[in-house]
Amino acid sequence: MTPISTLDVTKIRQDFPILQRKIHGHPLVYLDNAASSQKPAVVVAAVSGYFLNSHANVHRGAHQLSVEATDAYESARAVVADFIGGRTKELVFTRGTTESINLVAASWGGANLREGDEILLTLMEHHSNLVPWQLIAARTGARLRFAGLTADARLDLEDLAAKIGPRTRMVAVTHVSNTLGVVNPVAEITALAHEAGALCLVDGAQAAPHLDVDVSEIGCDFYAFSGHKMCGPTGIGALWGRKELLEEMPPYQGGGEMISEVRLDGSSWAAVPHKFEAGTPSVGDAVGLRAAVRYLTRLGLDEIHQHETMLTEYALDRLTELDGFDLFGPRTGRVGVISFRYGDIHAHDLATILDAHGIAIRAGHHCNQPLMNHLGVDATARASVYLYNTHEEIDALVEGLLAARKLFGGFA
Ligand code: PMP
């Protein structure tokens, strides 16, 4: 049954000034949320308020502004950790999902992987959850393996289970695919990894903005996500990790903030999470992310998810009625990331034509080149929804596609 949206989207849209913009004379229809979300005014105000009133460097200062900045930064850590059901000391601020995964691959992987060890990924991983593992595999002699997909482009759990063995040290998997929109059963995958004595890292870039994530329910060892996809600023994200693991792992980068004592002949490290935060952190962005998390929490992640599910159902109903519309990925068990082909119009042409109508979608390989090869395409068009999107915007997308088809004089 299609859920009923309880979000007041008209009111929510007023929180996002950019949504009032016109693009090429048309009202903006922003359907590129899987790449990055827009920002509510409260987030921008939190960042500017911090810089206008409370900025100083954190942690070392004895003066009032440094105390205020430190309090704001550490309070942001507590709020963001709580958002995903983690403990404050287990939350490392990073630049985003990419840096979080690089941190685990370099630090945990560098310390623990040996020749012949296996890292199990899937065919649907974003390059951010693939290339860091390639780098550490090349350094350590570990081997990458890949779980395949079913015919309807879901993760093939049987294949994944069969590829977990005594040599598997890490299973790293995306929670939600940024191309297919499928939601992977990460708790089940974690349990399979743990049974074999392996760890599990979950790439939550596409999940944390949309689902009520609880790392203790998932049971995973690491969870990575980005602020900019969840109404927060760019340049800030987080790695949540189990405390015992973070404590055992060597530092990722060296410098100020991450040390306990520095001598000429060696150094000792600060306690986690600071051990992994070398240099002056992005305090203003952390404050912005705190505001974003509070904003999303006030609206309710379940309510946001329900709204998006309803919009996605509506979009799929309308789009799949169009001649020549071809959806990548399954109809069910998915979120509002809709990748498609439309007749023989190349995805890039489609995105350009839609842009002329004020409609922002993405075209390309979505940092999923191995998945594109598997699907037999070089690119897909991708429309992705968020809490502020409306039925009327889906209608505009459908109209835009029909106009593109007309421009091309029908399909070959
Ligand atoms: N993983 C997934 C599934 C993603 O969709 C993205 C962003 N497209 C990333 C990782 C990388 O996120 P970021 O660029 O914010 O580090």
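By salt bridge I mean a side-chain nitrogen of Lys or Arg within 4 Å of a carboxyl oxygen of Asp or Glu. Helices (H or I, at least four residues) and strands (E, at least two) are DSSP runs, numbered from the N terminus. Both Glu393 and Arg13 are buried. Buried means under 20% relative accessible area, exposed means over 50%, and partly exposed is in between, with a 1.4 Å probe and protein chains only.

Some ground rules. This is a predicted model, where local features need pLDDT of at least 70 and side-chain atom pairs count only at pLDDT 80 or more, while totals for chains, interfaces and linings use all residues. Residues are numbered from 1 along each chain as its sequence is written, and side-chain values use heavy atoms, with hydrogens and water left out.

Back to salt bridges. How many does the structure hold? The number is 20. One of them joins Asp159 and Lys163, with the closest N and O atoms 2.9 Å apart. Those two residues both lie in helix α6 (residues 157-163), four residues apart, which is about one turn of the helix.

Another salt bridge is between Arg341 and Asp326, at 2.7 Å between the closest N and O atoms. Here the pair links distant parts of the chain: Arg341 is in strand β14 and Asp326 in strand β13 (residues 325-328), 15 residues apart.

Now the overall layout. The chain is divided into domain 1 (9-30 + 300-407) and domain 2 (44-297), and those bounds come from an automatic or database domain assignment. The C-alpha centres of the two domains lie 28 Å apart. Their contact takes 32 residues from domain 1 and 31 residues from domain 2, where contact means heavy atoms within 4.5 Å.

The area buried between domain 1 and domain 2 is about 2,500 Å², and carbon and sulfur atoms give 58% of that. Buried area is the accessible area (1.4 Å probe) that two parts lose on being put together, summed over both. On the domain 1 side, Leu301, Leu371 and Tyr386 lose the most area to domain 2, together 24% of what that side buries.

What holds across that interface? The rule finds zero salt bridges there. It does find 18 residue pairs in polar contact, both residues at pLDDT 80 or more. A polar contact is a pair of N or O atoms within 3.5 Å; within protein, one must be able to donate a hydrogen and the other to accept it, and residues adjacent in sequence count only if both atoms are side-chain atoms.

Which elements of domain 1 each supply at least two residues of the side that touches domain 2? They are α11 (301-319), β14 (337-342) and α13 (369-375). The largest share, six residues, comes from α13.

Asp117 lies between α4 (97-112) and β5 (118-122). Asp117 counts as buried because its relative accessible area is 12%. Its side chain is joined to that of Arg169 by a polar contact of 3.2 Å. Leaving aside neighbours within four places in sequence, the residues in contact with Asp117 are Asn112, Ala142, Arg143, Arg167 and Arg169.

Last, some backbone geometry. Most residues other than glycine have a negative phi, and most peptide bonds are trans. In this model the peptide bond from Val272 to Pro273 is cis, with omega near 5°. Pro273 is in the loop between β12 (266-269) and α10 (283-299). Glu257 has a positive phi, near 75°, and sits in the loop between α9 (243-248) and β11 (259-263). His366 also has a positive phi, about 55°, and is found in the loop between β16 (362-364) and α13. His366 counts as buried because its relative accessibility is 7%.
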